[in-house]
Amino acid sequence: MRCSIVLACVVVGVLATGASAGTSAADRAKLWADGVEFVNAVHAEDPGKTVEADLAQKVPARARKSLERLLDLDDDEEGLADALLVAGEAAWDLDLADDFGRVRERLAAVAPDRVEELGVLVSRDRFVVRGVGGLGAEYLANFADVFDTILTGYDKVFGFAEWSKVPGKKLRVRVRLVPKITRPPHFAPQFKYHSEIDFPVADASAFNSPTPDGKFLFYGLCHELGHVIAMWGNRQDQADHHAWAHYTGVVLVEHLAKSAGKKKHMKPLRDVKWRSLELDRKTIEKDGTEPSTKDRAGVMALLLALHDAVGPEKIGAAINHLDAEDKRLRINRVRYYTFAELRDGLLAVCKSKRDKKRVRALLD
Ligand SMILES: [Zn+2]
């Protein structure tokens with residue numbers, strides 16, 4: 001709680017004295033956003049078993065009142081559209097879907113040309129998906145079904161216990177409609193209080209993958225979740241040479257093609273023909289790549305060898321074990337691992353002598 005006490009004092013001071021509780025639209029939005037920031041900051045310092053749904057009621061009354069005062073302003077109030085966008089961002093930061101909807105409604109009346117900057121939300125048990133740039137509610141609900149299926153697949157295959165870098169917070173996916181996809185989806189680590197994936201799409205009519213121009217969006221989503229769970233080495237030295245997220249991504253694409261391929265929302269996702277563990281296995285065998293940590297091919301061979309030796313559920317259990325100890329590196333709360341730590345985690349969760357021997361052979 002150490003850092004948050006300082007922040008809490010600053011925010012509580014503002015909230016209690018009304019020092020900056022001005023009357024402008026911007027002031028009102030700021031007081032609301034500060035209230036949300038306060039709740040998130042206190043939670044992040046000591047998450048305990050609190051989940052995001054419990055946090056909504058902790059927003060200070062003064063901040064909540066400020067939102068009401070913002071929503072009550074006349075349409076021609078200076079800076080209202082900008083202030084509503086700030087308020088909507090804050091609602092998203094705490095999964096306050098009702099407040100987000102009310103802000104959106106107000107923005108649609110005041111500045112209809114800016115409402116797609118705020119977009120639409122779909123909130124589910126473990127994640128919130130936000131569509132910006134003109135994606136419809138139906139598109140987003142379908143996307144959420146796909147994301148739910150992917151997370152359920154990860155549960156079955158790896159059993160990762162905590163998805164968010166801040167325990168208890170829901171994952172975020174920001175799906176952005178763009179004229180042309182110029183960069184793949186990516187895990188955006190900069191957000192302070194939640195883990196978020198940035199996900200550009202160019203076709204608002206349906207979520208298909210691969211796209212006609214060869215973008216593997218479905219694999220990309222599975223891949224980014226690998227980054228969300230684990231980064232490797234540190235900021236300068238990517239110890240896995242970017243193989244880990246590829247490994248978890250192709251494992252999931254392959255698993256879901258077999259286990260969920262017939263679901264209606266999964267049928268348009270056909271990446272398994274080009275992205276699967278089986279294809280990587282063939283490449284590794286053909287090239288005779290030995291497991292190592294020296295380059296991407298070596299790490300991929302290493303992860304495949306571990307997958308075959310102890311199984312992905314043990315790899316997931318090892319990550320969970322390391323998370324429970326919470327001693328490894330965190331940068332902006334994002335979890336970073338080393339292969340030595342993975343070895344220790346695997347040795348802790350593998351009970352049989354045979355498995356321990358296999359782990360040592362690959363990671364010592
Ligand atoms: Zn990646």
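Predicted model: local features only at pLDDT ≥ 70, side-chain atom pairs only at ≥ 80, totals over all residues.
The chain contains 15 helices and eight strands. Its C-alpha atoms fill a box of roughly 70 × 50 × 35 Å along the principal axes. A compact globule of 364 residues would have a radius of gyration near 21 Å, and the chain, with 22 Å, agrees with this value. Of the 364 residues, 41% count as buried. Contacts between residues at least 6 apart in sequence were also examined, and 66% of these join residues at least 24 apart.

Five strands form an open sheet, in which the order is E1-E2-E3-E5-E4 and the pairing is mixed. The edges of the sheet are strand E1 (120-123) and strand E4 (186-188), each of which pairs on one side only. From one strand to the next, the twist averages 25°. In general, the strands of a sheet pair through backbone hydrogen bonds, and the pairing may be parallel or antiparallel. E1 and strand E2 (residues 127-132) run antiparallel and are joined by four bridges. In one of the pairings between residues, Val120 has Gly131 of E2 as its bridge partner.

The largest nonpolar core has 96 residues, of which Trp32, Ala87 and Val129 touch the most other members. Helix H8 (residues 137-157) gives the most to this core, contributing nine residues. The core draws on both domain 1 (2-117) and domain 2 (137-363), with at least three residues from each. The surroundings of Val129 can be listed in detail. When residues up to four places away in sequence are not counted, Val129 touches Val122, Leu140, Phe143, Ala144, Phe147, Val173 and Val175.

How values were computed
Residues numbered from 1 in each chain as written. Pairing = 2+ DSSP bridges. Helix = DSSP H or I, 4+ residues; strand = E, 2+ residues; numbered from the N terminus. Axes fitted to C-alpha atoms, helices over the stretch in contact; angles between N-to-C directions. Rg over C-alpha atoms; globule rule 2.2 N^0.38 Å. Buried ≥ 20, exposed ≤ 12 C-beta atoms within 10 Å, placed from the backbone. Contact = placed C-beta atoms within 7 Å. Core = buried A, V, L, I, M, F, W, Y, C linked by C-beta atoms within 7 Å. Domains from an automatic or database assignment.
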